[in-house]
Amino acid sequence: MTPALFGRTAAGEAVTRHALVRGAMRVEIITYGAAITSIAVPDREGRTANVVLALGSVEAYETLSPHFGAVAGRYANRIAGGRFTLDGRTYALPVNAPPNTLHGGPTGFGKRNWRVAAAEATRLALARRSPDGEEGFPGNLDAEVVYSLPEDGTLRIDYRAWSDRPTVVNLTNHSYFNLAGEGAGDVFGHEVAVFADAFTPTDATQVPTGEIRDVAGTPFDFREPTPLGARIRAGDPQIVIAKGYDHNFVLREPGDTLRPAAICLDPVSGRRLEVATTQPGLQLYTGNNLDGTLVGPSGRTYRSGDGVCFETQAFPDAPNRPDFPSTVIRPGQRFVSSTVYRFSTV
C-alpha cells in the first residue's frame with residue numbers, strides 16, 4: 001500500500017501512515033510511536049467501524065496522546081522510584097508518573113518516530129535504535145515491531161529487540177478498544193473474560209507490592225465473561241487507587257507459545273475480540289484518566305471508560321522484583337514476543 005503523509009513532528013520529521021488490508025479488515029498505522037490509528041472491522045450486520053481510539057494530527061500525538069495505539073517501551077508500565085539495579089549497577093530513569101517511571105519515560109518509544117523497515121499490503125515492519133543511555137536505560141537497543149494480517153479479522157504483532165549491553169526490555173501495544181466503535185461512549189457493557197487466576201495488587205502509586213493475589217471473591221475475577229461495568233464502582237481499595245481497572249493479570253500457562261489471554265464481546269454490535277500472547281501478563285486498563293478533553297476522529301470526546309486496553313506484557317516493576325519473570329536481555333540474546341488480536345462477530 002502506498003504510504004500517506006500524516007504530518008510532521010515539531011522537529012520537522014515526516015510521519016507517514018500505512019494501511020494494511022485483508023478481506024473486510026483494514027488497519028492503519030503511523031510511524032510516530034509505531035501507533036495503530038484505526039482497526040476497521042464489521043459488526044454482525046456487516047457495518048464497518050474503527051474500534052480503537054485515535055487522534056487526528058501529529059501534534060496531538062506528540063503533546064496530548066495517552067499512548068493511543070502506540071508501542072510502549074523501552075519498558076512498558078511502571079518502574080518503581082525511577083530506578084533499577086542490574087549487575088550491581090543502579091540506573092536512574094526520568095520520573096514521569098511521580099514517583100515512578102511509566103512506559104519508558106517522557107520520551108519513550110511511544111514518543112519517537114520509527115523507521116519503515118518493510119511495507120507490504122498485509123505486513124508493516126517498523127524499527128528504531130534506542131541509543132545507550134536514552135531515558136537512562138543501558139545499551140544500544142535495536143527494536144523492531146511487525147504488524148501483519150495473516151488472515152481476515154486477525155492482527156498479529158511481533159516484537160524483537162537486542163542490545164550490546166545487559167538491559168531490560170518490555171514492549172507492548174497500548175491500543176484503547178471500543179468494539180461499539182470509536183467515540184461510541186463507554187465500554188462498561190463490554191463482556192470481558194481474562195485467562196488468569198491471579199493479579200498483582202499495587203501500592204498507592206500503582207506499583208506492584210510483590211503479592212500475587214487470587215482473583216476469587218474480588219472485582220478482578222474475570223474467569224467467566226463479566227461486563228466491565230459490573231464491579232468497576234466497587235469500594236475495593238485496588239479499584240479506588242486506580243479509579244477503575246489498571247492492573248496486571250497473571251496469565252495461566254506461561255511459556256513461549258501463543259496462548260489465550262482475554263476475550264471481549266460487545267453484545268450490541270456483536271463484535272468479539274480474542275487476545276492471545278506469549279507474554280506472562282496482561283494489563284487491563286479502562287481508560288480511567290480520559291477526562292473529556294481529547295476529541296477523536298468521530299468528532300466526539302473521550303471520557304473515563306470510553307476504551308479498554310489489553311496490554312500484553314512482562315510484569316510491572318520486574319527489574320526490581322527478582323521473583324517476577326525476568327525482563328533482562330544480554331548481548332547475544334533477543335527479546336521476542338508476539339500478540340494476536342482476532343476479531344469476529346456473534
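1. N77 sits in the loop between β6 and β7. Helices (H or I, at least four residues) and strands (E, at least two) are DSSP runs, numbered from the N terminus. N77 has a positive phi of about 75°, although N77 is not a glycine. N77 is also buried, at a relative accessible area of 2%. Here buried means under 20% relative accessible area, exposed means over 50%, and partly exposed lies in between (1.4 Å probe, protein chains only).

2. Some ground rules. This is a predicted model, in which local features need pLDDT of at least 70 and side-chain atom pairs count only at pLDDT 80 or more, while totals for chains, interfaces and linings use all residues. Residues are numbered from 1 along each chain as its sequence is written, and side-chain values use heavy atoms, with hydrogens and water left out.

3. R74 lies in the loop between β6 and β7 (78–79). A cis peptide bond joins G73 and R74, with omega about 5°. A cis peptide bond also joins P98 and P99, with omega about 5°. P99 belongs to the loop between β9 (89–92) and β10 (101–102).

4. Q206 also deserves a look. Its phi is positive, about 70°, and Q206 is not a glycine. Q206 is found in the loop between β18 (196–200) and β19. With a relative accessible area of 17%, Q206 is buried.

5. Now the aromatic rings. Rings of Phe, Tyr and Trp (its six-membered ring) pair if their centres lie within 6.5 Å; planes under 30 degrees apart count as stacked, over 60 as edge-to-face, and the rest as tilted. The count by this rule is 17 aromatic pairs. One of them is F68 with Y302: edge-to-face, 5.6 Å centre to centre, with 85° between the planes. F68 is in the loop between α1 (58–63) and β6 (71–72) and Y302 is in strand β26 (residues 301–303), so the pair ties together parts 234 residues apart in sequence. F68 is buried, with a relative accessible area of 0%. Y302 is buried too, at 1%.

6. F177 and F310 form a tilted aromatic pair, at 6.2 Å centre to centre and 40° between the planes. This pair links distant parts of the chain, 133 residues apart. F177 is in the loop between β16 (172–173) and β17 (191–194), and F310 is in strand β27 (residues 309–313). F177 is buried at 1% relative accessibility. F310 is buried at 1% as well.

7. F199, F220, F222, Y245 and F249 make up one aromatic cluster. Which charged end sits over the ring of F222? That of R231, 5.5 Å from the ring centre. The charged end of R334 sits over the ring of W162, 4.2 Å from its centre. The test is NZ of Lys or CZ of Arg within 6 Å of the ring centre and within 35 degrees of the ring normal.

8. Next, an open sheet. Its 5 strands run in the order β19-β18-β21-β24-β27, with antiparallel pairing. The edge strands, β19 (213–214) and β27, each pair on one side only. Two strands pair if DSSP finds at least two bridges between them. Strand β21 (residues 246–251) is joined to strand β24 (residues 281–285) by 5 bridges, and the two run antiparallel. V250 has G281, in β24, as its bridge partner.

9. T277 belongs to strand β23 (residues 271–277). T277 is buried, at 0% relative accessibility. Its side chain reaches the backbone oxygen of S338 at 3.2 Å. The T277 side chain also makes a polar contact with the side chain of T339, at 3.3 Å. A polar contact is a pair of N or O atoms within 3.5 Å; within protein, one must be able to donate a hydrogen and the other to accept it, and residues adjacent in sequence count only if both atoms are side-chain atoms. Not counting residues up to four places away in sequence, T277 touches residues including L251, L258, T312, S338 and T339. Contact means heavy atoms within 4.5 Å.

10. Finally, S344, in strand β29 (residues 335–345). Neighbours within four places in sequence aside, S344 contacts G270, R271, R272 and E274. The C-alpha atoms of S344 and E253 are separated by 25 Å, and these residues are 91 apart along the chain.
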